[in-house]
Amino acid sequence: MSHDSRTAPRICPLCEATCGLTLTIEGTTVTGARGDRDDIFSRGFICPKGASFGGLDADPDRLRLPLVRGEDGELREAAWGEAFDLIAARIPDLVKAHGPQAVGVVLGNPNVHTMAGFLYPPLLLGALRTRNVFTASTLDQMPKHVSSGLLFGDAHAIPVPDLDRTGHLLLIGANPLESNGSLCTAPDFPGRLKALRRRGGTLTVIDPRRTRTARLADRHVAIRPGADALLLAAVAHTLIDEKLADPGPLAEHLDGLDELAAALADFTPDAVAAACDVDADTITAIARDLAAAPTAAVYGRIGSCTVEHGTLASWLVDVLNILTGNLDRPGGALFPLSATARAPRPAAPGKGFALGRWSSRVSGHPEAKGELPIAALAEEIDTPGEGRIRALVVIAANPVLSAPDGDRLDAALADGLDFMVSVDPYLNETSRRADVVLPPPPPSQSAHFDFAFNNFAVHNQVRYTRAAVPLEDGRMDESEIHARLILAVSGMHGAPPSAVDDLAVDTALARAGAPKELAAGLTGGSGPERRLDLLLRLGPYGLTLQQLLAHPHGIDLGPLKPRLPEVLRTRSGRIELLPEPIAADLPRLLRALGDRPAPLVLVGRRHLRSNNSWMHNVGSLTGGSNVCTLQIHPDDAARLGLVDGDTARIESSGGGIEAPAEITDTVRSGVVSLPHGWGHGRPGTRMSVAAAHPGANVNQLLDGTLLDPLSGTAVLNAIPVSVTPAQ
C-alpha cells in the first residue's frame, strides 16, 4: 500500500449476501477490495464479485453524463438540467392527454441493492398514479410473495431458514454456493452449510443438476424439472397420512389443517413418483427424515419459483415447515426483524392479502402485489387501443435480456413509445432505446444501507456505510437523480430535491402516528440519511443514524426469534393454511400427473461470478465457469450427434438461439441448461467487455405466454426445447 493509500468499509452491493468489504483507495480510485474481518455479519467472507468491486466501480463504459436523443435520432451527452427539462416537458403532457395509465414503470433487480432504488420508486409510482408497474419480481421471487401473502396476510412476511442452528436443511431449486442465496441473506452461505454438516446436521438438495451445493449434500435428488410442487405435495401428504404432522405451538394460530389433508389426498408418493422421476420410497424417506429431525427447515428458491406451479411450490415449502412444527422456532424457519421494520404491533386480524385487484389491458393478467407480469410489457406497448403504454420509465432494468421474447420488446421500445427514460449506468440492450438516460454514480461514490435484504437476513443486524470517495465532478448523486425525476413527472419541476425527502418524512411520521416535531431532530448530511434516521428511530430497536455511524462494522441485534402471532395480518388473524386461491389451483397441479413429459427440457443456472445481465462488463469476472454454454448430458449429446464444443441450435416456442455445447454428467439426462442474462452486443450498446463475450439470450426461447397464474411469474424453467447441431 502506498503512502497516500487509505481504507474504507463498504457493504457489497453486488448480491443478496451483503458482505462487508474493506476497500483500498488511492486518491479517489478503489484499487482493491477484501473481506472485512470486523464486519459483524460476514466476518471477512468475500466472493469473486466482491473482490471485483474496484473493476466494476471504475468501468470505463459507465456513463458519466446524461444522454438525450437529438432530432437526428442519436443519443448525445447533455447537461443534467437539459435532461430533466425534457422529462418535465414530455411526461406530464402525455399523462394529461392520455391519462396516468399511459405511463409504465419498470424496476430492475439492482434497485434493491441501493438506498435510492429502495427509497424513491414508491414515491415515483405515487406521483404517476399508474397501475402499469412491472418489476424483476415476476421473473424470480413473486411466487414467494404471493404464497406468504395468502398464508400470513403480508406478502413481505417471508420466513428464512435458521441456518446457524438448524439440524436438517432441505433445499429445493436453490444453489446458494453459486448464487450466495436469495430471499435468505447469509454471508458465507457455503461456510454455514459446511458448519451444518460439522455439527452432525443433514443437508438434502433437490435439483435436476448436480450443482456445487448438491455435491455438498448428504442426499441429492435429481428431480424432473418443473415437478417441485408435486414432490412437495407428496411429502406433505406423507406427513399427514403417517400421522407425522405435529405443528406443536403453531396449532393455536392455524386454520385449515383438516381441509389441507383432504386437498392433498391424491398426491401420494406412488401417484407423483413417475411425474417427478423420483421413486416413492425416496419421497417417503424425505418426509420421515423431516419429521424425525430435532429441528429442520425447508427452503425453496428460483428453480422452484419460475415453473408452472411456482406459487404452489412456494406455499408447500411453508406448509412443510408448519406441519413439522418448524415454522417460527429456533433451528427452523423464522421471520427476521430488521432495524427499519415497523415496530411490532399487537397481534390482531389485518386487511389480508388480495390478488387480481386489477388486470392488464391486453391479456387480462391479474395484478399481484401491485405489479403486472413483466412478460406482458411488450403487448401493453405494441397493442393499439385506449390505455396503451406510450411512455416508459425504466430504472436499473434490462428487460430486453431478462424478460421473455426480448426481440418483440426491443421492437416495441423502438417503435411503440412516444417517450422513454432510463436510469442506468450503462447504455445496454434496453437503455439504448431511451430518449433520456440518467446515469447514477459508481457504488464507491454512494452511501449504502440494505433496506430490503435485512428483512431476509439469517441473523438480525444493522450496518451502514457512507460513500467511500467523494462524488466526482459532473456526476449527480443517485438519490438526487430519483428526486428530480419525481419532481419532473409530477409537475413540480424546479423545486428543490429536498422537497421530496421532506414529503417522505412527513408521510412516514403521519403513518406512524408520531409527532411532527420529531422531524426537527433528525440527523444526517442528506435527505436519504434523514429518512434512514427516522426509520431507525421508528423501528423496533429504537436506533439512530449516529449509533450506526459510531459502529462502522455494524451492530449485532441478535439471533432470529419467534414472532408469531404478531406478523400475521390475515383477516382471521391466523395462519390460513389452505387459502382459496391455492385450493382453486390445486386441481391444475393434479392434472399435471397425467402430462406426458417432454423428451428434453431446459433449466437455467447461476454463476458465482455473475448476477443477471448487469455484471457482464467486468473483465475480471469473465471466463472460467462464467460462460454461456448449453450443458447437456453425455447420453443426450450422443443421441443428438453433439460433441463437446459444438455449436448447438436450441429452439422453443419463442424462437431459436445457438450456444456452445458443454457435455457434462452434472445435468441429468433429458435436461439441458443455459444461464440467464446473456445475449449482449446489440447495435447501439456501449458495453465493450459484454459485447466481446455476448452469449445467447435464453429468454428469447420463450414467447411470454406461459406464466404461473397466481403470481404472473414467467415460466423460465422446465421449458420443452429441441436441440440439434447448428448448420
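Analyst: Two strands count as paired if DSSP finds at least two bridges between them. Helices (H or I, at least four residues) and strands (E, at least two) are DSSP runs, numbered from the N terminus. The model is predicted, so local features need pLDDT of at least 70 and side-chain atom pairs count only at pLDDT 80 or more, while totals for chains, interfaces and linings use all residues. Residues are numbered from 1 along each chain as its sequence is written, and side-chain values use heavy atoms, with hydrogens and water left out.

User: How do you know that strand 6 and strand 15 pair?

Analyst: Strand 6 and strand 15 (residues 391–395) share 5 bridges in the parallel sense, and the definition asks for at least two. In this pairing Val106 stands opposite Val394 of strand 15.

User: What makes strand 7 a partner of strand 6?

Analyst: Strand 7 (residues 133–135) runs parallel to strand 6 and is joined to it by 3 bridges, which meets the requirement of at least two. Val106 has Phe134 as its bridge partner in strand 7, and Leu107 has Thr135.

User: Why are strand 5 and strand 7 said to stand at the edges?

Analyst: The open sheet has 7 strands in the order 5-4-17-16-15-6-7, with mixed pairing. Strand 5 (75–77) and strand 7 each have a single partner strand, so one side of each is left without a neighbour in the sheet. From one strand to the next, the twist averages 15°.

User: What makes strand 6 mostly covered?

Analyst: Buried means under 20% relative accessible area, exposed over 50%, and partly exposed in between (1.4 Å probe, protein chains only). In strand 6 (residues 103–107), 5 of its 5 residues are buried. Val103, Val105 and Leu107 lie on one side, Gly104 and Val106 on the other, and both faces are covered. In a regular strand, side chains alternate between the two faces of the sheet.

User: Why are helix 20 and helix 21 called roughly parallel?

Analyst: Axes are lines fitted to C-alpha atoms, for helices over the stretch in contact, and angles run from 0 to 180 degrees between N-to-C directions. Angles under 35 degrees count as roughly parallel, over 145 as roughly antiparallel, 65 to 115 as roughly perpendicular and the rest as oblique. Helix 20 (residues 498–512) and helix 21 pack at about 10°, with their axes 9 Å apart, so the two helices are roughly parallel to each other. Contact means heavy atoms within 4.5 Å; among the residues that make it are Val505 and Leu509 of helix 20 and Arg531 and Leu534 of helix 21.

User: Is Ile486 called buried or exposed, and why?

Analyst: Ile486 has a relative accessible area of 6%, so it is buried. This residue is found in helix 19 (residues 478–489). Not counting residues up to four places away in sequence, Ile486 touches Tyr120, Leu123, Leu124, Ala127 and Val500.

User: What relative accessible area decides whether Ser314 is buried?

Analyst: Ser314, in helix 15 (residues 310–323), has a value of 3% and is therefore buried. Leaving aside neighbours within four places in sequence, Ser314 is in contact with Pro143, Lys144, Ser147 and Cys305.
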